[in-house]
Amino acid sequence: MEATLDASLFEVDSLTNTFGPCTKPTPLKEFLEPRNFVRDGEERILVDISLAGLSQSAKAQGMGVTFMPPSFELAGPREKIFWDPASVKAAIVTCGGLAPGLNNVIQSIVSVLSDRYKVRNIYGVPYGYGGFTHDSESKRFRFGWRRLDSLSVQNLDTEAGSVLGSGRGNSNPQSIVDALTLRDINILFTIGGDGTLAGAGAIYEEAKSRGMPLSIIGIPKTIDNDVLYVNKTFGFETAVQKASEAIRCAQTEARGAFNGIGLVKLMGRHSGSLAATAAFATSDVDFVLIPEVDLVLDGPGGFLARLMRRVVDKGYATVVVAEGAGQNLVSEAKEEFDASGNRKLADIGRFLKVRIVEEFKSSGIEATLKYIDPSYMVRALPTTSDDSVFCAHLGQHSVHAAMAGKTGMMVGYAHERFTHVPLKAVTAGKKHLEVTSPLWLSILASTGQPARWG
């Protein structure tokens, strides 16, 4: 589901509203001019820039003189900051599955904190939210929290994965705030997907209930690209590049066999963005199956009949399927959940592999199918150059927000601008690939598949 636009969700909370105004001059004044600083309350980015979106907001608010369409606070450095760099303590945690760019974001956060704001107390928390607890019996956390500075993260951007390790679950807000209080942490950067951001929101609420001055800043991470109010998440572009390589391999295998079929399964629990983008980046894909379009296998208008006709007419075919597609068809699908609260998915790729082979065999048509699942390969990579730049921007803007006393927010990216998005808005739903979007319409045009199956 998509989140319903609610103007009240875009009034960004900040510690300055609760604990006092930003009165400390920023160290960035040494190299920035006054025009380089963002003016709070004056510079905002519209959530929906379409005329229809503005009209809808105007109607909802009665088009009075105080009409204010939903908007994001613009990210960037502030001329006055809340925290004293000499005494502030910051912590960084990476959660969930791996994604290209985790180390890049860590490097950017630490470098800006250390070199630009002169913060000297920076810590890395091991293996996700579970790393906040102190368990002397567990080998998992034997390394404990580690101190970070600009020297310790040099060249980190060339390495895949997370130098801090990552983990799912264990997001108990009470114990996490206890751990932060024990170490006098003032700023927490949480890097992860929707489960991580929901956990960050719970930590923020717990700290707020205690009257604890704590800046909670989320940085969105998912190669599924399904986080609300973010045009793209870091690592997505790198994942598309690697996924495209897998698709080309499947095409080569398909073309090299009589009635060859190349089947590629890509990540995408709720969104077909990765599958669609990678397929569109690769010419000659015949079918793209995504969670947003109900999959029908049987009947003259179903996927299997159309695939058979394509193979017979063309001599081969390439199929790309997102992992969340067709889950209603897989009998083994169960209501089981992982540590992050995500429903465990049945393997649609292997299910389709069996059904396709059975369908061709029962129809007496000889065919050869090659199945490729590069899921873990696309997330365990160093970033592309463009992705690396994007990660650096996210890290910088997260530090600027934190030092200005912002909290309960995520650094977003909309309409080519970086923004501050309240966590309560981020966790209101998931972003899906719109079937009316230019990307999906381009997929339909390039593949010739129907807008609906059946």
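Which residues does Phe 132 touch, not counting residues up to four places away in sequence? Phe 132 touches Val 93, Val 125, Trp 145, Ile 176, Ala 179, Leu 180 and Leu 188, where contact means heavy atoms within 4.5 Å.

## About the model

This is a predicted model, in which local features need pLDDT of at least 70 and side-chain atom pairs count only at pLDDT 80 or more, while totals for chains, interfaces and linings use all residues. Residues are numbered from 1 along each chain as its sequence is written, and side-chain values use heavy atoms, leaving out hydrogens and water.

Phe 132 belongs to the largest nonpolar core, which has 77 residues. A nonpolar core here is a set of buried Ala, Val, Leu, Ile, Met, Phe, Trp, Tyr and Cys residues joined through side-chain atoms within 4.5 Å. Buried means under 20% relative accessible area, exposed means over 50%, and partly exposed is in between, with a 1.4 Å probe and protein chains only. Along with Phe 132, the members that touch the most others are Ile 92, Leu 180, Phe 189 and Met 403. Apart from this core lies another, of 53 residues, and among them are Phe 236, Val 311, Phe 351 and Phe 360.

## Helix 6 and its cover

Let's turn to helix 6, which spans residues 236–255. Helices (H or I, at least four residues) and strands (E, at least two) are DSSP runs, numbered from the N terminus. Helix 6 has 20 residues and reaches 28 Å from its first C-alpha to its last, close to the 28 Å expected at 1.5 Å a residue; the expected span is 1.5 Å times one less than the number of residues.

The buried residues of helix 6 include Phe 236, Val 240, Ala 243, Ile 247, Ala 250 and Ala 254. Thr 238, Ser 244 and Gln 251 are also among the buried residues of this helix. An α-helix has 3.6 residues a turn, so residues three or four places apart point the same way. The cover over the buried residues of helix 6 includes strand 10 (260–266), helix 7 (273–280), strand 12 (316–322), strand 13 (368–372) and helix 10 (385–403).

Two strands pair if DSSP finds at least two bridges between them.

Strand 14 and strand 15 (residues 417–422) pair in the antiparallel sense over 6 bridges, and Ala 414 stands opposite Arg 417 in strand 15.

## Salt bridges

The structure holds 20 salt bridges, each a side-chain nitrogen of Lys or Arg within 4 Å of a carboxyl oxygen of Asp or Glu. Asp 40 takes part in a salt bridge with Arg 78 (2.7 Å, N to O). Arg 78 lies in the loop between strand 3 (71–74) and strand 4 (80–81) and Asp 40 in the loop between strand 1 (24–25) and strand 2 (44–46), so the pair ties together parts 38 residues apart in sequence. Asp 40 also meets Lys 406 in a salt bridge (3.1 Å, N to O). Lys 406 lies in the loop between helix 10 and strand 14 (409–414), so this pair joins parts 366 residues apart in sequence. Asp 40 is partly exposed, at 37% relative accessibility, whereas Arg 78 is buried at 4% and Lys 406 is buried at 3%.

Asp 347 and Lys 265 meet in a salt bridge too (3.2 Å, N to O). This pair links Asp 347, in the loop between strand 12 and helix 9 (348–362), with Lys 265 in strand 10, 82 residues apart. Arg 255, Asp 284, Asp 286, Arg 310 and Lys 314 are linked in a network of salt bridges.

## Positive phi in two loops

Asp 184 has phi near 60 degrees, a positive value in a residue other than glycine. Asp 184 is found in the loop between helix 4 (173–182) and strand 8 (187–192) and is partly exposed, with a relative accessible area of 47%. Phi of Asn 225 is also near 60 degrees. Asn 225 sits in the loop between strand 9 (215–220) and helix 6, and at 5% relative accessibility Asn 225 counts as buried.
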